[in-house]
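Hi,

Here is the structure I promised to pass on.

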Amino acid sequence: MADPVCIAIEDVSKRYASAQENSLSDISLNISKSDVYGLLGPNGAGKTSLISILCGIIPPTSGEVTYYLDGQAVSNRARKQLIGFVPQEYAFYQELTPRQNLDYFGALYNMPSGKLRERREHLLEVLGLGKAADRKVGTFSGGMKRRVNLAIGIIHEPQILFLDEPTVGVDVQSRNAIIRYLELLNEQGTTIIYTSHHLSEAEAFCRHIALIDHGKVIAEGAMENLKAVHQVPSLHDLFIKLTGEEYRD
Ligand SMILES: Nc1ncnc2c1ncn2[C@@H]1O[C@H](COP(=O)(O)OP(=O)(O)OP(=O)(O)O)[C@@H](O)[C@H]1O
């Protein structure tokens with residue numbers, strides 16, 4: 001039996017108020033529960049716009065996004081608890097410590113204080129931030145900041161997690177730690193939707209992908225299946241075959 005659909009995206013288009021053209025055109029995708037789904041494409045393809053729409057941060061110009069939990073459509077209010085978002089930009093207070101940041105963002109989800117404390121200490125530990133938990137985040141390395149960004153996005157134990165380039169600009173140690181932890185979350189049932197320009201990382205991590213270019217889906221499906229259909233040995237080769245070598249300036 002196919003996995004139940006968790007997010008249905010129907011004919012989503014986006015044109016920003018100041019823009020002459022659509023940033024997204026007629027995007028239709030189904031994302032299954034417990035999948036690791038990659039939204040991939042060149043610069044300016046529309047990945048961040050699509051993630052922002054899926055998270056309810058910006059509205060689509062047209063089209064529908066419906067979330068399902070156990071086969072039932074979820075209200076916009078309930079969706080807030082269901083999803084976590086780790087943005088490309090750092091989304092924390094540099095003047096606060098990771099403990100203070102996690103307390104602040106956990107409180108925004110109305111987490112009970114005992115539960116929040118337990119979750120906070122767990123995340124600091126598993127993400128290797130325990131020793132630096134009382135230092136201002138502004139003094140951290142890029143890898144540590146990325147791990148704080150991740151901890152904040154998952155403080156409330158979301159069932160669906162969006163990550164916009166979660167390993168950009170970090171060393172191989174932090175990259176491995178972040179991906180290993182995301183794999184663990186996925187094994188425990190978290191649905192993961194992710195963007196990255198790091199194609200070998202995406203190839204190893206994602207089960208399904210949508211390749212987006214100029215705001216349109218140009219290929220979609222299971223990673224292995226897409227490589228077989230297009231007769232290419234790697235995601236990198238698939239990407240170049242379908243999007244070409246030209247700059248996207
Ligand atoms: N707020 C905005 N107003 C006008 N145009 C925008 C806005 N945000 C994004 N765009 C445009 O929409 C298109 C898609 O941008 P988006 O950031 O979604 O792409 P992306 O695939 O995430 O790119 P990157 O890989 O560079 O992060 C681009 O042409 C971009 O210039």
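Below is what I found, starting with how to read the model.

Residue numbers start from 1 along each chain, following the sequence as written. Keep in mind that this is a predicted model: local features need pLDDT of at least 70 and side-chain atom pairs count only at pLDDT 80 or more, while totals for chains, interfaces and linings use all residues.

From the record: an unreviewed UniProt entry annotates residues 7-239 as "domain: ABC transporter" (positions are in the numbering used here, feature names are shortened, and annotations may be inferred rather than shown by experiment). That span is 37% helix and 25% strand, and its end C-alpha atoms lie 25 Å apart. Helices (H or I, at least four residues) and strands (E, at least two) are DSSP runs, numbered from the N terminus.

Now the ligand. Its surroundings are Y16, S18, A19, S23, G41, N43, G44, A45, G46, K47, T48 and S49, where near means a C-beta atom, placed from the backbone, within 6 Å. By class, this shell has three nonpolar, eight polar and one charged residue (Ala, Val, Leu, Ile, Met, Phe, Trp, Tyr, Cys and Pro are nonpolar, Asp, Glu, Lys and Arg charged, the others, Gly among them, polar).

On to the helix packing. Helix 3 (residues 98-108) and helix 4 (residues 113-126) pack at about 135°, with axes 10 Å apart; axes are lines fitted to C-alpha atoms, for helices over the stretch in contact, and angles run from 0 to 180 degrees between N-to-C directions. That makes helix 3 oblique to helix 4 (under 35 degrees is roughly parallel, over 145 roughly antiparallel, 65 to 115 roughly perpendicular, the rest oblique). P98, R99, L102, D103 and G106 of helix 3 make the contact with L116, R119, R120, L123 and L124 of helix 4, contact meaning C-beta atoms, placed from the backbone, within 7 Å. These residues split into five nonpolar, one polar and four charged.

Helix 3 also packs against helix 5, at an angle of about 25° with axes 9 Å apart, which makes the two roughly parallel. Here P98, N101, L102 and F105 of helix 3 meet V148, A151 and I152 of helix 5. The tally is six nonpolar, one polar and no charged residues.

Finally, helix 5 (residues 142-153) and helix 6 (residues 172-187) cross at roughly 15°, their axes coming within 9 Å, and are therefore roughly parallel to each other. G143, R146, R147 and L150 of helix 5 touch Q173, S174, A177 and I178 of helix 6, giving three nonpolar, three polar and two charged residues.

Cheers

Notes: Contact = placed C-beta atoms within 7 Å.
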